[in-house]
Amino acid sequence: MDQPDRSIIIADDHPLFRQALKQSLSLFMADTRWLEAESADTLEHCLNHHPGIDLILLDLQMPGSHGYSTLIHLRSHHPAIPVMVISAHEDSQTVAKAMQYGAQGFIPKSAQPQQLAEALQRVLEGDIYLPQGMENLNEAQSSDDDIGARLAELTPQQYRVLQMFAEGLLNKQIAYELEVSEATIKAHATAIFKKLGVRNRTQAVIALQGLDMDSRPV
């Protein structure tokens, strides 16, 4: 059997949306292997176990993701893989921030399958894709810029520990989940605080949550 020409990850926490998207896009993009991720953790697992990913179609709001944090992490640790953001939020600020944090494309969830397939193809070919009318959108400058740059400095393991801090887990619980010692978690914590420019885990979580999007339905 011939190998597919390309591999694309659909990262979204709604299984029905992922399935519908995969089925509709398959009509326009033959010879594509479609992989799915429902959270920031499963996305990282998918990347680690499936080499040769050509593109990530990323929803900004998934479990384990604080707004733009997963996008920032992807651009820092998987810079060779283009990321196209797909979101229910279509306002210019959301689009501008996504592009500022390294997305190579942005498309609303309301887009028709053929339009989405054409957008994906353009990004796969190395182009930037933005919705009609936003092609000349200026990058949004905000107070999030500094925390975004600092977050990008975290290693994948440090980023995972920070996510677990945000979930309210204790050092002992995190050590058990990651199968390391509490001393290792404390060392990670110290490194995280230093890189983020904070003093404790509460401040680190607040900094991470500063990247959250407005609480609007997805």
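**View 1. Polar contacts across the interface of domain 1 and domain 2.** In this predicted model, seven residue pairs, both members at pLDDT 80 or more, are in polar contact across the interface of domain 1 and domain 2. On the side of domain 1 that touches domain 2, the elements giving two or more residues are α2 (40–49) and α3 (69–77). The largest contribution to this side comes from α3, with six residues. By residue class, the side of domain 1 that touches domain 2 holds eight polar, four nonpolar and two charged residues.

**View 2. The salt bridge between the domains.** One salt bridge is found across the interface of domain 1 and domain 2. Arg-160 is paired with Asp-41 in a salt bridge, and their closest N and O atoms are 2.9 Å apart.

**View 3. Contact and buried area between the domains.** In domain 1, 14 residues are in contact with 14 residues of domain 2. The size of an interface is often given as the accessible area lost when the parts come together. For domain 1 and domain 2, the area buried between them is about 1,100 Å², and 57% of it is on carbon and sulfur atoms. Of the area that domain 1 buries against domain 2, 43% is supplied by His-66, Ile-72 and His-73, more than by any other three residues.

View 4. An unreviewed UniProt entry lists "domain: Response regulatory" for residues 7–124. This span, residues 7–124, is 44% helix and 20% strand, and its end C-alpha atoms lie 11 Å apart.

View 5. The structure holds six salt bridges. One of the salt bridges joins Arg-18 and Glu-36, with the closest N and O atoms 2.8 Å apart. Arg-18 belongs to helix α1 (residues 15–26) and Glu-36 to strand β2 (residues 32–37); the two residues are 18 residues apart, and the pair links distant parts of the chain.

View 6. UniProt, in an unreviewed entry, places the feature "domain: HTH luxR-type" at residues 147–212. Over residues 147–212 the chain is 73% helix and 0% strand. The end C-alpha atoms of residues 147–212 are 12 Å apart.

Technical notes. Residues numbered from 1 in each chain as written. Predicted model: local features only at pLDDT ≥ 70, side-chain atom pairs only at ≥ 80, totals over all residues. Heavy atoms only, no water. Contact = heavy atoms within 4.5 Å. Buried area = accessible area lost by both parts, 1.4 Å probe. Salt bridge = Lys/Arg side-chain N within 4 Å of Asp/Glu carboxyl O. Polar contact = N/O pair within 3.5 Å; in protein donor to acceptor, adjacent residues only side chain to side chain. Helix = DSSP H or I, 4+ residues; strand = E, 2+ residues; numbered from the N terminus. Nonpolar A, V, L, I, M, F, W, Y, C, P; charged D, E, K, R; others polar. UniProt positions renumbered as here; feature names shortened; annotations may be inferred.
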